[in-house]
Amino acid sequence: MSRRGQAFVVHVLSVFAMAHGLSYTHKGSIDVTVVGKICQHPIKNVIALYLTIQALTGSCACMMLSLAQDIFPSTRQYLHPLKRALSMVFLPMGFVVSSVYWSLLIFAPSLILIPIQISTTSSSPVHSLMRLPLLTDLAMHLAPFLSLLTDFALFEPKFSRRQMAIAPIMMIAYATVYAGALEYFAARNDFFPYPFLNASTLPIRLAIYVGTSCTGLGCLAFLNRLHSAGR
């Protein structure tokens, strides 16, 4: 199979996997009541505040742009710069989402999974944690990073020095706006979308915002250094 054919297969599979994750967020089939403050606010009203959803949407957009270039090569001069700019943000964001989510899921699930109460036949509801189906979990919390990583490693050139100089500005701006939005809506709704933020004071939350941003930048710099300059 030609390199173009290989890229097409990777991009199709990536879009399909992430589309599965996105479709789950729009099903509205979660028949549970979220415990505490969140029970007064439907999950769909805060879905856009989840970094997982932003990484999933942005990564899927990158793969769709790549797929469009595979099918219509003449569009590359217009679509590729946009795809590269998005990749600079969503590749490291995908790493942050995957590393934080799977680490907490394994070692401290109550800090990442939303608490729920399930109605039963008894008078007392059963408290539990909202877990996703395995394939959906992988599509939402692993596919975005693996898709962009595979695409970058196999089909894309490494980022130039100029692009790497711009990357911190883009990521810091994104992180600042995102952290500001989280704090703003938390002040209005009295809760954060992630349990580990609800359990943290403002100084700790600021440290989390800064730490995850630096982790993302470090990931991008590390992957770019490992990348073959000959691609």
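Residues are classed here as nonpolar (Ala, Val, Leu, Ile, Met, Phe, Trp, Tyr, Cys and Pro), charged (Asp, Glu, Lys and Arg) or polar (the others, Gly among them). The structure is a predicted model, in which local features need pLDDT of at least 70 and side-chain atom pairs count only at pLDDT 80 or more, whereas totals for chains, interfaces and linings use all residues. Residues are numbered from 1 along each chain as its sequence is written, and side-chain values use heavy atoms, with hydrogens and water left out.

A cavity is a set of points where a 1.4 Å probe fits but cannot get out, while a pocket is an open set with protein on both sides within 12 Å along at least five of seven lines; lining residues have an atom within 4 Å of a point. Grid points are joined across faces, edges and corners, and a volume is the space filled by probe spheres set on the points. Helices are DSSP runs (H or I, at least four residues), numbered from the N terminus.

The second largest pocket holds about 410 Å³ of space. It is lined by 22 residues, of which Leu51, Val96, Val97, Tyr178 and Thr212 are the closest to its centre. Two or more lining residues come from each of helix H2 (51-71), helix H3 (76-107), helix H6 (161-189), helix H7 (195-198) and helix H8 (202-226). H3 gives the largest share of this lining, with six residues. By class, the lining of the second largest pocket comprises 18 nonpolar and four polar residues, with no charged ones.

Two cavities of 30 Å³ or more were counted. The volume of the largest cavity is about 70 Å³, and its lining consists of Lys83, Arg84, Ser87, Leu91, Leu148, Asp151, Phe152, Glu156 and Phe159. Four lining residues of the largest cavity are nonpolar, one is polar and four are charged.

Rings of Phe, Tyr and Trp (its six-membered ring) pair if their centres lie within 6.5 Å, and planes under 30 degrees apart count as stacked, over 60 as edge-to-face and the rest as tilted. Seven aromatic pairs are present in the structure. The ring centres of Phe152 and Phe159 are 5.3 Å apart and the planes lie at 20 degrees, so this pair is stacked. Both Phe152 and Phe159 are buried, where buried means under 20% relative accessible area, exposed over 50% and partly exposed in between (1.4 Å probe, protein chains only). An aromatic cluster is formed by Tyr50, Tyr194 and Phe196.

No disulfides (pairs of cysteine sulfur atoms within 2.5 Å) were found in a search of the whole structure. For Cys62, the nearest cysteine sulfur is that of Cys60, at 9.3 Å. Cys62 is buried, with 0% relative accessibility, whereas Cys214 is partly exposed at 49%.

Gly218, in helix H8, is likewise partly exposed, with a relative accessible area of 38%. Its C-alpha atom is separated by 9.9 Å from that of Pro168, 50 residues apart along the chain. Concerning backbone geometry, most residues other than glycine have a negative phi. Asp190, which is not a glycine, has a positive phi of about 65 degrees and is placed in the loop between H6 and H7.

How values were computed: On a 1 Å grid over the protein atoms alone, a cavity is a set of points where a 1.4 Å probe fits but cannot get out, and a pocket is an open set with protein on both sides within 12 Å along at least five of seven lines; lining residues have an atom within 4 Å of a point.
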